[in-house]
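Please look over the sequence and the structure below before reading on.

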Amino acid sequence: MSAVFANSSNQIAALKELYTDDKEYMKDLVYKENPFLALVPKNESPDGFAGKYIPVPLEFGAPAGRSHDFASAQSQQTATQLASFFVYVISDYQLVTITNLLMEQTKSNAGAFVDAAKLQIDGGFRMLTNNIAFELFSDGSGSRGFIGSASNPSAQVYVITLSNAQQVVQFEVGMTIVNFADSGGSISAISSSTAQVQSDDRANGIIQVYSSAVDASWMSAGKALGISGDIVSGPIATSSSLCLSGLSAWLPVSSPSSSDSFWNVNRSADPTRLAGCRFDARAYTIEEGMTNALSFLNREGGKPDLAIMDFASYASLVNALGAKVQYVQVKHDEVEVAFEGITFQSAYGRVTILADRSCPPQTCFLLTMSTWKLRSLGKVPHILTYG
């Protein structure tokens, strides 16, 4: 029998072994810097999102029909108030190509091939994972940030200062982006021209983009920026949206209007019970804001066990608490990944507070984690395999 040397074809098995779903390496790659993605309860079974959509039923009102007078109680009866969200599945793809040249250059060295392929695939996983983590907080629009101002220092090169510097974490060099009008409830005026991110000034919230097709009007202040292929014109968070409906969609910053239609439900019937509580803490110190927000939520029956906020807000809270701050380690049930947070007292017990880079700036989500579920068709994310 002739000798068989290690090559890029027979060493594919090494990659398949490395990227199996149950590997600790894979879980670390997905969860390590994304606490909410790590901690949110999941259904990753093959039937986790089987069918056209998943119904999410919710009781938001007890039946009327109570009175000290029997006849009045009898005539005033109503049924239990129920609503059912019909949530559709969405797709998200990350492609990684290993060129024939790379395979030829490493075909006689199995280790070189595996290392080169691993570099590309790991990068792809990080990009896809970070997008999932970002969309878990988003409103379903695909908006990654808004233009604050822009300049055109040289031909086909534009420098964009984001309206909030913290939004720069959602941009990577090489991304192909478009702009659009985001009214907070609907997407319109999606640009047909695209630009590519050339550099990120992460300290100052500035991105530099290149395009031969855009002009100064493309850079108008107030326009939203998103990845080409993610944005769809029309109402946000419906069956036609391409992006995941994250916390900002289920818990909008403004109360739903009378024309609201969120996954088949008009939440204006009871905005608190159907779309969560909102508390504007801008008039308070951050410590007072947390105390008052928790008090308001507790009054409505909410018993949050986790609070997620952006890093700047987290730092402000730690500084405000000073010597009163109490740190806690939050461990993941499935993998050796732990996040350090702080605890804060509410009327219904202590709440763990964590910082997440994907959380919108100057925003805190107070969550009862047992009421949330990330459903998927298999692991999130996973490598598509055939046969």
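Asn 264 lies in the loop between H7 and H8, in a model that is predicted. The residue has a positive phi of about 80° although Asn 264 is not a glycine, and with a relative accessibility of 55% it counts as exposed, because the cut-off for that class is over 50%. Most residues other than glycine have a negative phi, and most peptide bonds are trans.

Ala 189 is another non-glycine residue with a positive phi, here of about 50°. Its place is the loop between strand S7 (186-188) and strand S8 (195-201), where a relative accessibility of 60% puts Ala 189 in the exposed class. A cis peptide bond, with omega of about -15°, joins Val 380 and Pro 381, and Pro 381 belongs to the segment that follows strand S17 (374-375).

## The chain as a whole

The protein chain contains 10 helices and 17 strands. Of its 387 residues, 40% are buried. Among the contacts with a separation of 6 or more, 69% are between residues 24 or more positions apart.

## Aromatic pairs and a cluster

The count of aromatic pairs comes to nine. One of them joins Phe 85 and Phe 262, whose ring centres are 6.0 Å apart and whose planes meet at 75°, so the pair is edge-to-face. Phe 85 is part of strand S3 (residues 81-88), whereas Phe 262 is in the loop between helix H7 (247-250) and helix H8 (271-275), so this pair ties together parts of the chain that are 177 residues apart in sequence. Both Phe 85 and Phe 262 are buried.

A further aromatic pair, formed by Tyr 88 and Trp 263, is stacked, with 6.1 Å from centre to centre and 25° between the planes. This pair, too, links distant parts of the chain, since Tyr 88 is in strand S3 and Trp 263 in the loop between H7 and H8, 175 residues apart. Together with Trp 250, the residues Phe 85, Tyr 88, Phe 262 and Trp 263 form one aromatic cluster.

## Charges over rings

Phe 262 also takes part in a contact of another kind, for the charged end of Arg 267 sits over its ring at 4.1 Å from the centre. Elsewhere, Lys 303 lies over the face of Tyr 348, at a distance of 5.3 Å from the ring centre.

## The surroundings of Ser 163

Ser 163 is located in the loop that runs between strand S5 (157-162) and strand S6 (176-182). Its relative accessibility is 48%, so Ser 163 counts as partly exposed. Leaving aside residues up to four places away in sequence, Ser 163 touches Phe 146, Ile 147 and Gly 148. From C-alpha to C-alpha, Ser 163 and Ala 221 are 8.4 Å apart in space, although 58 residues separate them in sequence.

## Pockets and cavities

The second largest pocket has a volume of about 460 Å³. It is lined by 19 residues, of which Asp 92, Tyr 93, Asn 131, Ile 227 and Asp 230 are the closest to its centre. Helix H6 (residues 110-135) supplies the largest share of the lining of this pocket, namely four residues. By class, the lining of the second largest pocket consists of nine nonpolar, six polar and four charged residues.

Cavities of 30 Å³ or more number three in the whole structure, and the second largest cavity holds about 70 Å³ of space. Its lining is made up of Met 127, Asn 130, Asn 131, Arg 144, Val 169, Gln 170, Glu 172, Met 175 and Arg 357. These residues divide into three nonpolar, three polar and three charged.

Conventions. Residues numbered from 1 in each chain as written. Predicted model: local features only at pLDDT ≥ 70, side-chain atom pairs only at ≥ 80, totals over all residues. Heavy atoms only, no water. Helix = DSSP H or I, 4+ residues; strand = E, 2+ residues; numbered from the N terminus. Buried < 20%, exposed > 50% of the residue type's maximum accessible area, 1.4 Å probe, protein only. Contact = heavy atoms within 4.5 Å. Phe/Tyr/Trp six-rings, centres within 6.5 Å; stacked < 30°, edge-to-face > 60°. Lys NZ or Arg CZ within 6 Å of the ring centre and 35° of its normal. 1 Å grid on protein atoms, 1.4 Å probe; cavity = no way out; pocket = protein on both sides within 12 Å on 5 of 7 lines; lining within 4 Å. Points joined across faces, edges and corners; volume = space filled by probe spheres on them. Nonpolar A, V, L, I, M, F, W, Y, C, P; charged D, E, K, R; others polar.
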